[in-house]
Amino acid sequence: MGKKAAEWLCCLILCFCIVMNVETAVRVQYPKISYVLGKGSGSQGIEDMADQFLSFRTPLFSYMKDMKKQEAVKSQDPAYDRIRAGMDGYAYGAEDYEEITEGHQTEAAYQQYAASGGTGEQSAAGEPQAAVEETGDPAGFQDGQEDQAREAAGQNITYSMEQLSDFQFLVKNLYFVHPNTGVDPELLNASAMLNYDAHMSTPPDQPQILIYHTHASEYFSDSDANNPDTLITGVGERLAGLLRERYGFNVIHDTTLFPYQQAYSQGLNRLTQILEENPSIEVVIDLHRDAAEGNHYVTEVDGKQTAQIMFFNGVSRSTDGPIDYLENPYVSENLAFSFQLKMAADALYPGLTRRNYLRSYRYNLHMRPKSVLIEVGAETNSLEEELNAVELLAEILASVLKGDG
């Protein structure tokens with residue numbers, strides 16, 4: 001074995017050890033570093049340093065770390081036993097290691113990453129990347145509070161093109177950008193996103209919209225594990241019904257339940273099948289709820305307690321550049337679609353939506369230009385709050401797809 005090959009093998013073994021036990025690996029492989037870093041700060045300093053480095057630079061490590069956390073969360077899910085039973089006989093799908101599960105999407109997780117000292121980097125073209133420390137809400141507001149304050153004062157949220165043309169304004173006011181995700185002014189070009197034609201062109205006598213759920217077991221504060229109507233699938237059925245009956249769209253709602261750790265790879269197989277059988281589908285919505293980590297994402301609209309909504313994009317791009325093995329030819333279109341939805345929501349219902357979330361992976365958004373992952377509330381919301389939210393979400397979708405926004 002050549003010297004280079006031996007070095008690579010050692011690195012791979014070390015990375016695996018770090019995934020399994022960061023502190024032990026560092027102490028065994030680098031005792032001097034262990035001694036220096038451990039002085040005065042304890043072993044946690046070693047683990048945190050290695051953990052932060054690998055989370056930013058190694059998507060696989062980031063996935064494994066979050067997956068371990070999600071296993072603990074999901075063990076409390078009323079549908080957990082049903083999911084585990086369905087996992088027997090499945091091997092991990094390769095793409096599931098890259099398509100990280102939904103736990104990282106929460107604002108609390110984002111704030112934890114930001115507090116860890118993540119900073120912006122330069123892209124290959126020299127454009128400034130979005131700095132994590134500069135994505136907080138202005139004037140000290142937490143997520144959604146500024147919009148809620150405006151709503152309480154009877155103010156609509158409007159933006160000038162001068163503001164939207166300012167990259168720093170966008171990432172501070174309209175986006176959460178995960179620290180391992182690379183974005184620049186070319187990718188977040190407000191003028192291009194607003195000029196994208198998102199109107200529905202398929203006639204309603206053919207399937208136009210697909211709603212499905214990568215995580216169909218997601219539950220709410222008052223869900224009944226034995227009643228799918230009280231899970232995210234029930235919320236999806238309500239959204240599908242509204243889009244059909246109130247707005248005249250032809251909607252397919254798929255409620256397939258996927259084994260949790262293979263949800264994105266198994267989901268892609270099902271998504272591919274549906275789209276092959278229904279090539280007329282223009283819009284693909286992966287409907288989720290967020291993992292709140294103690295937060296209650298709620299606002300009041302017309303006197304009703306309503307779960308807040310977040311539009312989510314995977315951009316297939318880290319701070320090091322495009323992720324080639326997660327190719328998505330529709331990243332620009334995906335971003336434009338979610339941006340127009342955010343603009344319509346802010347105009348119609350200030351305070352309803354949180355900032356759009358950008359993450360480096362793909363999330364099966366590469367199958368159609370108008371693909372979007374939507375988070376409606378979280379496990380801390382009630383089913384009623386969720387159903388109130390999709391009443392408004394249906395209107396927002398219709399305003400963009402029909403050109404009324």
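## S360 and its surroundings

S360 touches N180, T181, V315, S316, R317, S318 and I323, leaving out residues up to four places away in sequence. S360 sits in the loop between β10 and β11. Its relative accessible area is 1%. Buried means under 20%, so S360 counts as buried. The model is a predicted one.

## Overall make-up

The protein has 15 helices and 11 strands. It has 405 residues, and 54% of them are buried. The accessible surface comes to about 17,400 Å². Carbon and sulfur atoms hold 52% of that surface.

How much of the contact set with a separation of 6 or more comes from residues 24 or more positions apart? The share is 79%.

## Strand β7

Strand β7 covers residues 309–314. Of its 6 residues, 6 are buried, so the strand is largely enclosed by the rest of the structure. Both of its faces are covered. I309, F311 and N313 lie on one side. M310, F312 and G314 lie on the other.

Which strands pair with β7? One is β11, residues 370–378, which pairs with β7 in the antiparallel sense over 4 bridges. In that pairing, I309 stands opposite V376. Another is β10, residues 356–359, which runs parallel to β7 and is joined to it by 3 bridges. Here N313 stands opposite L358. The loop that holds S360 runs between these two partners, β10 and β11.

## The nonpolar cores

The largest nonpolar core has 41 residues. Within it, I209, L243, L287 and L393 touch the most other members. Several elements give two or more residues to this core: β2 (209–212), α12 (232–245), β4 (283–290), β7, α14 (331–348), β11 and α15. Helix α15 gives the most, with 11 residues.

Leaving aside neighbours within four places in sequence, L243 is in contact with I209, I211, G248, F249, V251, A394 and L397. One of these, I209, is itself among the residues that touch the most other core members.

## Helix α15

What follows the helix? G403 does, and its phi is positive, near 80 degrees.

## Salt bridges

Side chains of opposite charge can pair when their charged atoms come close. The count of salt bridges in the model is 9.

One of them joins R244 and E237, at 3.6 Å from N to O. R244 is partly exposed, with a relative accessible area of 32%. E237 is also partly exposed, at 39%.

Another joins R246 and E391, at 3.0 Å from N to O. R246 lies in the loop between α12 and β3 (251–253), while E391 belongs to helix α15, so the pair ties together parts that are 145 residues apart in sequence. R246 is partly exposed, with a relative accessible area of 47%. E391 is partly exposed too, at 23%.

An α-helix has 3.6 residues a turn, so residues three or four places apart point the same way.

Salt bridges that share partners also join R238, R246 and E391 into one network.

Terms used
Residues are numbered from 1 along each chain as its sequence is written. This is a predicted model: local features need pLDDT of at least 70, side-chain atom pairs count only at pLDDT 80 or more; totals for chains, interfaces and linings use all residues. Side-chain values use heavy atoms; hydrogens and water are left out. Buried means under 20% relative accessible area, exposed over 50%, partly exposed in between (1.4 Å probe, protein chains only). Two strands pair if DSSP finds at least two bridges between them. Contact means heavy atoms within 4.5 Å. Accessible areas come from the Shrake-Rupley method with a 1.4 Å probe; for residues, only the protein chains shown count as cover. A nonpolar core is a set of buried Ala, Val, Leu, Ile, Met, Phe, Trp, Tyr and Cys residues joined through side-chain atoms within 4.5 Å. A salt bridge is a side-chain nitrogen of Lys or Arg within 4 Å of a carboxyl oxygen of Asp or Glu.
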